[in-house]
Amino acid sequence: MEYNLSNRNNSYHKGIDWVTVLLYTLLVVFGWFNLYAANFNPETKVFFSIDAEYFKQLMWIGVTIILIGALMLVDSKIFVELASILYGVSLLLLLLTLVVGKEVNGAKAWLGFGPVQFQPVEMTKIATALLISRIISRYGFSFSFRNIMQMGLVLLVPIAFVLLQNDTGSALIFLIFLFPMFREGMSGHILTIGIVSIIAAIASLLKGSPLVMCVVLALFVIALTLYLSYIGHKRVAFISVITGVFAMLFMALYLHFFGDLIHWDWVVFACATVLTVYLLTVSVIKRIKRVSTFIMYLWIALLVSFVTGYAFNNILIEHQRTRINILFGIEEDPLGAGYNVNQSLIAIGSGGVTGKGFLEGTQTKLNFVPKQSTDFIFCTVGEEWGFLGCVALIALYIAFFMRLMQLAEKQHSVFSRVYGYSIVCIFFFHFAVNICMTIGLMPVIGIPLPFFSYGGSSFLGFSMMLFIFLKLDTDRNELIR
């Protein structure tokens with residue numbers, strides 16, 4: 001297929017949403033000034049150094065502007081045609097990273113090209129968004145089992161490669177593609193399964209897998225009893241309660257006589273199996289609807305609880321377990337694994353309402369907060385600009401997200417709409433997780449703040465991701481497929 005690069009329809013100014021460009025520019029400028037503040041050393045007389053991170057970031061901004069200019073010249077349909085190719089290339093780069101990649105902070109996620117380092121996962125985010133958008137925009141597409149499995153495979157392959165790189169934070173990002181799918185008509189059951197899984201996983205980390213599995217089974221019996229009573233099957237509801245109570249008594253007796261939790265998970269599974277067989281049999285005989293849905297949620301919650309407990313104790317390394325325990329208040333380690341977050345909270349709190357002023361942050365200047373120019377850049381905002389500065393920044397991001405969602409809804413093409421919602425979810429995930437990490441609401445998993453955190457590949461990736469959508473938006477009234 002040939003593309004006309006000089007057509008009037010591909011001009012720079014045609015249909016570009018300048019409101020989004022303005023919001024992007026404000027974020028980039030504000031981000032760079034805070035990066036400068038995080039690197040500034042008041043004890044030296046050098047106010048601008050070519051070796052500093054803020055200068056390198058400025059160079060990346062310049063390179064990005066040139067690439068954006070070139071990007072806005074191409075035909076929008078090229079992104080559909082190149083989706084599969086870009087996805088394949090990104091997977092090859094992820095695989096290459098596992099072999100010859102450079103390890104940084106415990107994650108083997110970087111490829112080096114001379115003095116330049118590149119993180120392939122940034123390209124993979126864009127390629128995955130494009131490929132998912134292409135699949136959903138195919139003529140006659142429906143969320144059939146086959147298509148769901150195909151999209152699941154598209155997501156699982158990069159997740160597996162990124163997990164092998166020991167970059168858990170980046171792997172989690174690919175799960176957010178479930179939300180654009182839900183927007184396009186995917187069954188709410190899948191989203192509900194995701195929510196149930198998250199709740200079960202968090203509860204397992206807080207209280208331990210065996211206890212949570214017992215609670216899950218008890219809640220299941222209560223919920224199913226209420227449902228059966230509501231639809232008029234009180235006898236079945238009564239027998240379900242009796243069965244559930246019997247299961248609980250069996251587990252209590254097991255604990256009393258054996259006195260340990262070595263096989264406790266399997267006892268819960270056995271009781272759940274007995275209850276499941278009974279309920280499925282009765283639901284078929286009496287033609288009771290939706291019982292199978294309840295059972296599906298039960299087993300997913302039980303399995304997630306079991307897998308979470310096993311992974312926490314046998315797969316995660318010690319410092320990862322410590323970070324999670326610190327997050328949930330199970331452990332305290334202010335001088336070890338919890339040092340970064342503790343210092344970040346001190347820095348943000350010291351800013352007060354209006355902040356200490358630009359370049360006046362003492363926590364920053366005395367290097368109390370490690371990784372302040374990357375993972376913890378938000379604490380620079382809190383210290384130097386205060387509560388009002390943090391609120392202003394969050395409001396700016398929210399305006400940015402809302403504008404992108406508004407543009408996504410205006411797209412005539414399904415491809416453009418799905419891609420638009422995909423990048424909104426990616427941006428929001430980074431925004432929410434990074435700030436929550438900084439203020440101690442989530443474990444530190446190495447997620448950068450878009451357009452703020454230092455890093456050439458992440459800044460370039462975020463920018464290209466955005467301007468691909470803005471280019472698609474210039475043809476919002478056309479059918480791109």
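Me: How far apart are the end C-alpha atoms of helix 3, and what should its residues span?

Reply: A helix here is a DSSP run of H or I of at least four residues, and a strand is a run of E of at least two, both numbered from the N terminus. The expected span of a helix is 1.5 Å times one less than its number of residues. Helix 3 covers residues 78-100, and its 23 residues should therefore span 33 Å at 1.5 Å a residue; the end C-alpha atoms are 31 Å apart, which agrees. Keep in mind that this is a predicted model, in which local features need pLDDT of at least 70 and side-chain atom pairs count only at pLDDT 80 or more, while totals for chains, interfaces and linings use all residues. Residues are numbered from 1 along each chain as its sequence is written, and side-chain values use heavy atoms, with hydrogens and water left out.

Me: Where does helix 3 bend?

Reply: The bend at a residue is the angle between two axes, one fitted to the seven residues ending there and one to the seven starting there. In helix 3 the bend is about 35°, at Ser84.

Me: Which residues of helix 3 are buried, and what covers them?

Reply: Start with the general idea: an α-helix has 3.6 residues a turn, so residues three or four places apart point the same way. Buried means under 20% relative accessible area, exposed means over 50%, and partly exposed is in between, using a 1.4 Å probe and protein chains only. In helix 3 the buried residues are Ile78, Phe79, Val80, Ala83, Tyr87, Ser90, Leu91, Leu94 and Thr97. Their cover includes helix 2 (53-71), strand 2 (107-113), helix 4 (120-136), helix 5 (145-164), helix 17 (414-438) and helix 18 (456-473). Contact, throughout, means heavy atoms within 4.5 Å.

Me: Now helix 4. What does Thr124 contact?

Reply: Thr124 sits in helix 4 and counts as buried, at 0% relative accessibility. Leaving out neighbours within four places in sequence, Thr124 is in contact with Ser90, Leu94, Pro158 and Phe174. Ser90 and Leu94 are among the buried residues of helix 3.

Me: Which side chain makes a polar contact with Glu122?

Reply: A polar contact is a pair of N or O atoms within 3.5 Å; within protein, one must be able to donate a hydrogen and the other to accept it, and residues adjacent in sequence count only if both atoms are side-chain atoms. Glu122, in helix 4, is joined to Lys125 by a side-chain polar contact of 3.1 Å. Glu122 counts as buried at 3% relative accessibility, and it touches Ser457 and Ser458, not counting residues up to four places away in sequence. For Thr124, a side-chain polar atom lies 3.0 Å from the backbone oxygen of Pro120.

Me: How many aromatic pairs does the whole structure have?

Reply: A pair of aromatic rings is described by the distance of the centres and the angle of the planes. Rings of Phe, Tyr and Trp (its six-membered ring) pair if their centres lie within 6.5 Å; planes under 30 degrees apart count as stacked, over 60 as edge-to-face and the rest as tilted. The search finds 25 aromatic pairs. One of them joins Trp32 and Tyr54, with ring centres 6.2 Å apart and planes at 85°, so this pair is edge-to-face. Trp32 lies in helix 1 (residues 18-39) and Tyr54 in helix 2, so the pair ties together parts 22 residues apart in sequence. Phe400 and Phe401 form a tilted pair, 6.1 Å centre to centre with 55° between the planes.

Me: What is the phi of Phe451?

Reply: Most residues other than glycine have a negative phi, and most peptide bonds are trans. Phe451 has a phi near 70°, a positive value in a residue other than glycine. Phe451 lies in the loop between helix 17 and helix 18 and is buried, with a relative accessible area of 3%.
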